[in-house]
Amino acid sequence: MRWSIFNQIWQSIFKSRFLQLFLATFFSVLLLSHPLFAFSPPKTEIRGVWLTTNDTETLLDQPKLEEAIAQLSRLNFNTVYPVVWNSGYTLYPSAIAEREGIQPFVHKGFQGQDPLTDLIAKAHAKDLLVLPWFEFGFMAPPSSELAKKHPQWLTQKRDGTQTTISAAGEVVWLNPFRPDVQKFITSLVMEVMDLYDVDGIQFDDHLSLPSELGYDQFTVNLYKKETEKDPPANHEDPAWLKWRADKLTAYVSQLNQAIKAKKSNAIFSVSPNPYDTAYQGALQDWFTWVKQDLVDEIVVQVYRPDLESFVRQIEKPEIKETRQKIPTGIGILTGLRNRQIDMDFIQQKVLAAKQNGLGVSFFFYDSLWNYAPESKVERQEKFLALFPYPAERKLETLPPSPPPLPLPTLETPGIPENTTRVDEFQPYQIPRNENFDPYNQVPGGSQNNPSNPPQEIIVPVENNIPNQPENNTIPVETNVPNQPQENNTPAETNSPNLPPPIIIPVETATPNEAVETVPEFEDNPPYQPSEEIPFDEDFTPYQPPENMPIVDEMKPYEP
């Protein structure tokens with residue numbers, strides 16, 4: 001009898017609406033107090049992943065791609081960045097590449113499909129945005145058809161050499177100040193937007209130029225024409241840095257106008273390195289791009305091996321200000337084929353980014369859970385714990401933008417188009433530098449700043465490492481085969497063969513007064529490249545898969 005009465009009282013208490021609300025509130029507060037759930041769902045948040053040439057089988061095989069998109073959707077990702085421009089070749093059927101004579105083959109999927117069309121259809125069905133990624137930007141291998149057929153497009157160092165060392169081996173750089181180079185890159189972007197239903201375009205740290213370059217005849221003449229001075233021997237001279245960075249900014253403005261004229265609500269995304277390294281080492285003044293409304297999204301690559309230096313970078317003033325203007329994310333390395341990264345460390349970085357109101361993007365897809373110390377199931381469960389709720393990203397409906405400004409004309413003799421077809425294509429083999437490792441470096445400027453102790457950093461695969469500054473006290477020999485014309489533009493060569501390196505006489509100009517490159521921020525030491533950087537021996541350059549169909553008689557792609 002006593003227990004019966006007690007049971008009736010207990011049941012009546014649990015039927016109380018007030019008690020039910022109290023218990024629900026109590027357990028909700030208790031759950032949200034856990035670090036993984038200590039964030040309110042944002043209106044929008046970048047949750048992206050790069051699909052690289054390391055993910056070739058995923059991109060080309062329909063069943064694997066379908067599984068990948070389904071998993072990303074289930075784990076509440078919302079953006080994918082598939083590579084479409086790598087090693088001087090397009091990864092989609094390009095009439096422009098065919099016309100330039102730089103690519104005699106067409107990428108097709110294992111089932112005969114167009115991979116990018118297949119990816120876009122599958123991603124949009126799951127409400128994921130697709131921003132094709134022009135990974136190599138102005139960079140190309142020296143033995144690629146692009147470099148061989150257009151040697152006049154390449155820039156060089158003060159000593160006449162053209163190559164720099166990167167994770168992809170030895171590379172050359174297209175001169176981003178030349179109108180014909182700008183037109184070529186812009187045409188590729190417009191072609192992708194014409195052929196595919198994309199949500200935007202992404203460039204990364206290769207929408208840039210290593211600061212030691214820019215001593216080619218075209219750029220030297222342009223600088224002398226505008227400043228009445230010779231370029232300084234010191235490639236880190238503040239005025240020389242700013243002049244070249246401003247020229248790159250002017251092209252970004254033109255590219256932005258072209259993208260918006262094609263699709264007014266398309267996202268123009270850039271994924272640079274942290275600002276001090278990007279500006280001093282690669283002329284990439286991305287913070288100015290943000291302030292001038294030239295880009296719609298920034299994903300800063302912060303590949304640091306320790307949490308302290310990672311947090312220090314994402315709390316920089318320029319990132320905080322950028323976050324107030326446009327969607328901002330942090331690039332996080334989830335692993336490499338030869339370097340697996342613990343999920344606990346990845347979680348710590350994601351939580352630090354969330355606490356600073358930042359989104360994230362992961363490099364690269366296969367290392368999310370296919371190359372990992374934990375099981376695939378465990379990794380996916382922990383990603384779901386990081387993103388327990390969806391964060392949709394929808395394109396805004398905007399009025400059409402005005403047409404882009406015309407590109408300036410090149411004041412040099414006409415360059416005949418290379419229309420010769422390549423009958424037998426041999427994939428480019430990138431030479432390896434066994435002494436180079438782009439994932440272990442000292443951040444620029446930290447060596448000489450006691451308040452900023454040296455920190456080991458991890459640099460993205462695509463990041464170019466500038467060479468050690470040269471000793472410019474020795475005069476440069478004059479060896480100019482082609483004399484400049486009266487209009488101060490260099491005479492172009494019509495020879496299809498690569499001309500010998502040109503060593504240009506550059507007088508050492510009287511240094512200008514020091515110019516503050518970043519007056520908004522304090523404690524911004526100059527970039528200094530590290531010495532004796534070992535090479536990541538397991539880095540695999542892109543090669544078309546063996547079973548990829550080769551099209552002998554290529555025809556323009558028709559959607």
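This report describes a helix pair and a group of paired strands in a predicted model.

## Basis of the model

The structure is predicted, and residues are numbered from 1 along each chain as its sequence is written. Local features need pLDDT of at least 70, side-chain atom pairs count only at pLDDT 80 or more, totals for chains, interfaces and linings use all residues, and side-chain values use heavy atoms, with hydrogens and water left out.

Helices (H or I, at least four residues) and strands (E, at least two) are DSSP runs, numbered from the N terminus.

## Helices α4 and α6

Helix α4, residues 62-74, packs with helix α6, residues 115-125, at an angle of about 30°, and their axes are 10 Å apart. Axes here are lines fitted to C-alpha atoms, for helices over the stretch in contact, and angles run from 0 to 180 degrees between N-to-C directions. That angle makes α4 roughly parallel to α6 (angles under 35 degrees count as roughly parallel, over 145 as roughly antiparallel, 65 to 115 as roughly perpendicular and the rest as oblique). The crossing of α4 past α6 is right-handed, a term used if the near helix is turned clockwise from the far one by less than a right angle.

On the α4 side, Gln62, Leu65, Glu66 and Ile69 meet Asp118, Leu119, Lys122 and Ala123 of α6, where contact means heavy atoms within 4.5 Å. The residues of this contact divide into 4 nonpolar, 1 polar and 3 charged. In this scheme Ala, Val, Leu, Ile, Met, Phe, Trp, Tyr, Cys and Pro count as nonpolar, Asp, Glu, Lys and Arg as charged, and the others, Gly among them, as polar.

Two strands pair if DSSP finds at least two bridges between them. Strand β13, residues 328-333, pairs with β16 in the parallel sense over 5 bridges, and glycine 331 stands opposite serine 361. Strand β1, residues 47-51, also pairs with β16 in the parallel sense, over 3 bridges. Serine 361 is the bridge partner of glycine 48, and valine 360 is that of arginine 47.

β1 is mostly covered, with 5 of its 5 residues buried. Arg47, Val49 and Leu51 point one way from the strand, and Gly48 and Trp50 point the other way.

β1 is also joined to strand β2, residues 79-82, by 4 bridges, and the two run parallel. Here tryptophan 50 stands opposite tyrosine 81 of β2.

Key: Buried means under 20% relative accessible area, exposed over 50%, partly exposed in between (1.4 Å probe, protein chains only).
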